[in-house]
Amino acid sequence: MKMVEKPVIKWLLVLILASSVFFFTNALSAKTQTYIIQMDRSAKPESFNSHLDWYSSKVNSVLTKPDKADDQNQNQDRIIYTYQTAFHGVAAQLTQQEAQLLEQQDSVLSIFPEQKYELHTTRSPLFLGLEPHDSTTANVWSQRLSDHDVIVGVLDTGVWPESQSFNDTGMSPVPRRWRGACETGRGFTKLNCNRKVVGARIFLRGYESATGKFNEKTEYKSPRDQDGHGTHTAATVAGSAVRGANLLGYAYGTARGMAPAARIAAYKVCWMGGCFSSDIMAAVDKAVADGVDVLSISLGGGVSSYYRDSLSIAAFGAMEMGVFVSCSAGNGGPDPVSLTNVSPWITTVGASTMDRDFPAIVKLGNGRSITGVSLYRGRMKLDTKKMYPVVFAGGNSSSPDPSSLCLEGTLNPRKVKGKIVICERGISARVQKGVVVKNAGGVGMILANTASNGEELVADCHLIPAVAVGENEAKLIKHYALSSPRAKATLAFVGTRVGIRPSPVVAAFSSRGPNLLSFEIMKPDLVAPGVNILAAWTGELGPSSLATDRRRVKFNILSGTSMSCPHVSGIAALLKSRHPEWSPAAIKSALMTTAYVHDNTNKPLEDASRAEISTPFDHGAGHINPSKALDPGLVYDIQPQDYLEFLCTQKLTPMQLKVFSNRTCRHTLANAGDLNYPAISVVFVENTNVSVLTVHRTVTNVGPAVSSYHAIVSPFKGAYVKVEPRILKFTKANQKLSYKVTFTTKTRQPEPEFGGLVWKDGVHRVRSPIVVAWGMLI
């Protein structure tokens, strides 16, 4: 064995010591991120004075031990939120190693890494039957004093308090039970809250932790909304009536929210850099503690397992406290299985059109006229008697290229100057494409739908004369531009038209089912107006939301499931005011079982993406029908324990179940399909001999004390369906009666079948959609 000389040993010791210092220092400076830590609240040792002291002790026990006073102070600031109402625990900045150590400790139920959520970005009250068509017709929702006692919490980008939609004239004093606050900051004082906007808070610690120090020069560190999204959704929920509301002359009329006498509490959780789960959790927790009755959440992330979805867990806690939670389904349509917010205790809302449109005409040089939509009203004018050269930078290929999409820097000014440019939808914002055309010297734009958009037309407030057209018309226009060397066109803007048929139609962008987590829980729950919705707007941005847009408006027209969600939230508030004893599940049931599935031509609802009949995977139970929801006759009620029993069928471990509640499983449900949901979905699993499936339901009589309902069920090609009993006789109010539905396979079908079960008593029509599938639904 060769001996090592002493100098070499000396240097090896130096290297080892240096490496040790490096690794120790590196451990202290390892990158931290925000984690949401859920604790078992009931396990707090008596030695701690408060839960916060205990939570802090738990967090501190895994922190890397610093050797500097400055680092010790940083450790003390690791906790950024404490949750104590709808959810129990803290949000803290930890390294990955620290989070792993903490997750192994007793009483730590779960740890979630910070997740970024995105926003799911007039005439709707009249379209929904919330106001009379003329002065001789009774208003179904005539205001009562009880309407003023309902408070809706809106989690969004804040509020523009000066909007007339938040005028509190004639409103009664704020209910004494309200425990909220009006937080102040740049551009927002206590005076910005009133009897309409009763609370306003901000939540940004998670945002700051993820993106760095807050820049108060570019953003309001206050509840003031500079984005516009939150003002729009809040006004849709409960905006006061404003006569003469319009967007540059479009959609002129009276704008009001779904529940114009309800209160609004704004919880600002979304910022320029996004919406972060720790902030959202803190807002839900605080909103429930403040005393909201309804939560409206027009945002979403990806789909995670129930026990890994922080918003789902917080919503469960809110539901346990009697709060109705409405969330947008997402804008991932028409792709299947594109839903977010699919938990059964959340009301998941898709989007549909109304009977109002904003037509615009594309007149081609070959004499053909094509109708599209637009909200353009600007300084640039096109002479409708003159034809302009039209150009398409793409080709005949079905796959788009950057030029056909009119992306930044892709248009050659020499080829588009003085011309109308055809731009395909995709990748960049629709209004941004017009700016690209304008900057390249173009005089107008034809916005062309592709296969993913179908025939759905979404109007935009462009900065250049522009018309959006459907996929089929777009193909004709592109063919004309490519095949005619002297192709020409002009654009004309018609204004506002109502009475559009057919309507409603399911929006192409509205996210679709089935529910990937639990096929037995049909999602979305229902659809509501979400296309071209007029509502209040911020004073900070122009109607296109582009920084270059110098126009300022009081109202704007937006589309998205972000717009449909507050419609449902507001109507839920109305139901809560009329039926304060109803649970969140009872309210959801009333909304779902009274929804309609036929348009104003009395034909089945269509899907805008393919101009075909839509299915419950697209529209859920159907389109919301507020006047019927007021008096549903029967409701399918679900208590918190029932939801836990559903989770007990989802193969969760005891620790995973404890994330939701300290309740224990009683195993009252034979399977997930037995949850007392207002929709029925049965799946005959592949490669099994099971040919018979039975689901059970219980209805509560909320109509006349003495009543009799008989069942009518759709026929199915692949299964026999038997309802037992077929008649339900009630003898008192709030009486509960149960029935079962048995499905027996006669011929396995390659695709799911859709139908419905209706209970009728001569006045009420209580409908549950049915989905029957053989094998996987996707």
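Q: Is the link of cysteine 648 and cysteine 665 left-handed or right-handed about the S-S bond?

A: A disulfide is a covalent bond between the sulfur atoms of two cysteines. This is a predicted model, in which local features need pLDDT of at least 70 and side-chain atom pairs count only at pLDDT 80 or more, while totals for chains, interfaces and linings use all residues. Residues are numbered from 1 along each chain as its sequence is written, and side-chain values use heavy atoms, with hydrogens and water left out. Here the sulfur atoms of cysteine 648 and cysteine 665 are 1.8 Å apart and form a disulfide (a pair of cysteine sulfur atoms within 2.5 Å), and with -85° about the S-S bond this link is left-handed. The pair links distant parts of the chain, 17 residues apart, with cysteine 648 in helix 17 (residues 640–648) and cysteine 665 in the loop between helix 18 (654–658) and strand 33 (680–684); helices (H or I, at least four residues) and strands (E, at least two) are DSSP runs, numbered from the N terminus.

Q: How many disulfides does the structure hold, and what is the pairing of the bonded cysteines in sequence order?

A: The structure holds four disulfides, and when the bonded cysteines of the chain are numbered in sequence order the pairing is 1-2, 3-4, 5-6, 7-8. One of them joins cysteine 182 to cysteine 193, with an S to S distance of 2.1 Å, and with 90° about the S-S bond that link is right-handed. Cysteine 182 and cysteine 193 each lie in the loop between strand 6 (151–156) and strand 7 (197–202), so the pair ties together parts that are eleven residues apart in sequence. Both cysteine 182 and cysteine 193 are buried. Another disulfide is formed by cysteine 270 and cysteine 275, whose sulfur atoms are 2.1 Å apart; the torsion about their S-S bond is about 110°, so this disulfide is right-handed, and both of its cysteines are buried.

Q: Which cysteine sulfur is nearest to that of cysteine 461?

A: Cysteine 461 is in no disulfide, and the nearest cysteine sulfur, that of cysteine 423, is 17 Å away. Cysteine 461 is buried, with a relative accessible area of 4%. Cysteine 565 is likewise in no disulfide, with the nearest cysteine sulfur, that of cysteine 327, 6.1 Å away, and cysteine 565 is buried at a relative accessible area of 0%.

Q: At what angle do helix 13 and helix 14 pack, and which residues meet?

A: Two packed helices are described by the angle between their axes and the distance between the axes. Helix 13 (residues 561–578) and helix 14 (residues 584–593) pack at an angle of about 115°, with their axes 10 Å apart; axes are lines fitted to C-alpha atoms, for helices over the stretch in contact, and angles run from 0 to 180 degrees between N-to-C directions. Val568, Ile571, Ala572, Leu575 and Lys576 in helix 13 meet Ile587, Ala590 and Leu591 in helix 14, where contact means heavy atoms within 4.5 Å.

Technical notes
Buried means under 20% relative accessible area, exposed over 50%, partly exposed in between (1.4 Å probe, protein chains only).
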